Amino acid sequence: MIVARQLPTDVVVFSSDDPGATDVADSGAGRKVGVSQHAMSANGFGGDEDSISIAGRRLSRDELSAPPGPFVQNLLLAAAAAIEAGASAGPVIEIARRFAPGAHRQHLVATIGSVRYVDDSKATNPHAALAAISSYDSVVLIDRDGDELGGFYTDLYARNGKRTGAWIDVCVGR
């Protein structure tokens, strides 16, 4: 396990939104820096509906170039790790403001009415797919021609007794 050889003087930065990550962090001897994009924390790294906090300095989510969802969590985790490793908060905050994900990573393609069309075709592993899907209220899969492939339901985390992960309610053979 990644924290197995940590000393009390070491640090582990982890997502406190993820019960598995919290369990891993709790098993180590190092100082814990939990980061949540859904709650402000006493350690100065966190978020709520309207803002995030990096080293205790609040930023409106409107100041961020990154889309909502997993990228905000990743920004917070990277900022916490950088600052814990000795980086100054000012430059870290400026980078967080400007960060925008690469192509095919939660890229807003169009908004028609109240429907947002998002390209997230780089979510090619279960963790990335779960993070992307979880950042939306509902998800419908479509192909490049705009034809519906089906609704997506997900339960991608492994656990004892689990027999399935994700399924699609309509499947089109290719």
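The structure is a predicted model, in which local features need pLDDT of at least 70, side-chain atom pairs count only at pLDDT 80 or more, and totals for chains, interfaces and linings use all residues. Residues are numbered from 1 along each chain as its sequence is written, and side-chain values use heavy atoms, with hydrogens and water left out. Helices (H or I, at least four residues) and strands (E, at least two) are DSSP runs, numbered from the N terminus.

**Nonpolar core**

- The largest nonpolar core has 20 residues, and Val35, Phe45, Ile52, Ile54, Leu59, Leu76 and Ile83 touch the most other members. A nonpolar core is a set of buried Ala, Val, Leu, Ile, Met, Phe, Trp, Tyr and Cys residues joined through side-chain atoms within 4.5 Å.
- Strand 2, strand 4 (51-54), helix 2 (70-84) and helix 3 (89-98) each give two or more residues to this core.
- Helix 2 provides the largest share of this core, eight residues.
- Beyond its neighbours within four places in sequence, Ile54 is in contact (heavy atoms within 4.5 Å) with Gly44, Phe45, Leu59, Leu76, Ala79, Ile83, Val92, Ile93 and Ala96.

**Ser36**

- Ser36 sits in the loop between strand 2 (31-35) and strand 3 (46-47).
- Ser36 counts as buried because its relative accessible area is 6%; buried means under 20%, exposed over 50%, and partly exposed in between (1.4 Å probe, protein chains only).
- The side chain of Ser36 reaches the backbone nitrogen of His38 at 2.9 Å, and a polar atom of that side chain lies 3.1 Å from the backbone nitrogen of Ala39.
- Leaving aside neighbours within four places in sequence, Ser36 is in contact with Ser16, Asp17, Phe45, Gly46, Gly47, Gln73 and Leu76.

**Ala55**

- Ala55 has a positive phi of about 55 degrees, although it is not a glycine.
- Ala55 is placed in the loop between strand 4 and strand 5 (57-60).
- With a relative accessible area of 33%, Ala55 is partly exposed.

**Surface patch**

- Val109, Ile112, Val115 and Tyr117 form a nonpolar patch on the surface, with about 360 Å² of accessible area together. Accessible areas come from the Shrake-Rupley method with a 1.4 Å probe, and for residues only the protein chains shown count as cover.
- Strand 6 (107-112) and strand 7 (115-119) each give two or more residues to the nonpolar patch.
- Val109 lies in strand 6 and counts as exposed, at 55% relative accessibility.

Notes
Patch = residues over 30% accessible without salt bridge, like charges linked within 9 Å, V, L, I, M, F, W, Y side chains within 5 Å. Salt bridge = Lys/Arg side-chain N within 4 Å of Asp/Glu carboxyl O. Polar contact = N/O pair within 3.5 Å; in protein donor to acceptor, adjacent residues only side chain to side chain.
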